[in-house]
Amino acid sequence: MARKLLLLALVLAAPQAALADDASYCAELSALYRRYLGTVGERSFPDATAATAMDQCEKGNYAQGIPPLEKKLRDGRFTLPKRS
């Protein structure tokens, strides 16, 4: 019985851990984009796709925010950070 409860607890905790990982990964991608690609001169100026993706990350929609940011960074010849 204790074994079943432990398994159930692990199954229920897994989505939360994945969500936290997605949140930190999305934030890291956003920070990299802003720092290295989101500036024109001294003004911060992300393009519409990146701005929308960063907004999705802030709203918790990681599945919509992560892929465009990854593409923007890869296109800018950046190595993507490792996902936890």
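Student: Is serine 30 buried or exposed, and what is its relative accessible area?
Tutor: Keep in mind that this is a predicted model. Buried means under 20% relative accessible area. Serine 30 falls under that cut-off, so it counts as buried, with a relative accessible area of 5%.

Student: Which residues is serine 30 in contact with, leaving aside its neighbours within four places in sequence?
Tutor: Start with where it sits: serine 30 is in helix α1, residues 2–37. Setting aside neighbours within four places in sequence, its contacts are Met54, Cys57 and Leu69.

Student: On to the charged pairs. Which residue forms a salt bridge with arginine 83?
Tutor: The structure holds six salt bridges, by the way. In this one the closest N and O atoms are 2.6 Å apart, and the partner is aspartate 22. Arginine 83 lies in the segment after α3 and its partner in helix α1, so the pair ties together parts 61 residues apart in sequence. Arginine 83 is partly exposed at 45%, and so is the residue you asked for, at 22%: aspartate 22.

Student: How far apart are the closest N and O atoms of aspartate 47 and lysine 72?
Tutor: Aspartate 47 is partly exposed at 28%, and lysine 72 is partly exposed at 24%. They form a salt bridge, with those atoms apart by 2.5 Å.

Conventions:
Residues are numbered from 1 along each chain as its sequence is written. This is a predicted model: local features need pLDDT of at least 70, side-chain atom pairs count only at pLDDT 80 or more; totals for chains, interfaces and linings use all residues. Side-chain values use heavy atoms; hydrogens and water are left out. Helices (H or I, at least four residues) and strands (E, at least two) are DSSP runs, numbered from the N terminus. Buried means under 20% relative accessible area, exposed over 50%, partly exposed in between (1.4 Å probe, protein chains only). Contact means heavy atoms within 4.5 Å. A salt bridge is a side-chain nitrogen of Lys or Arg within 4 Å of a carboxyl oxygen of Asp or Glu.
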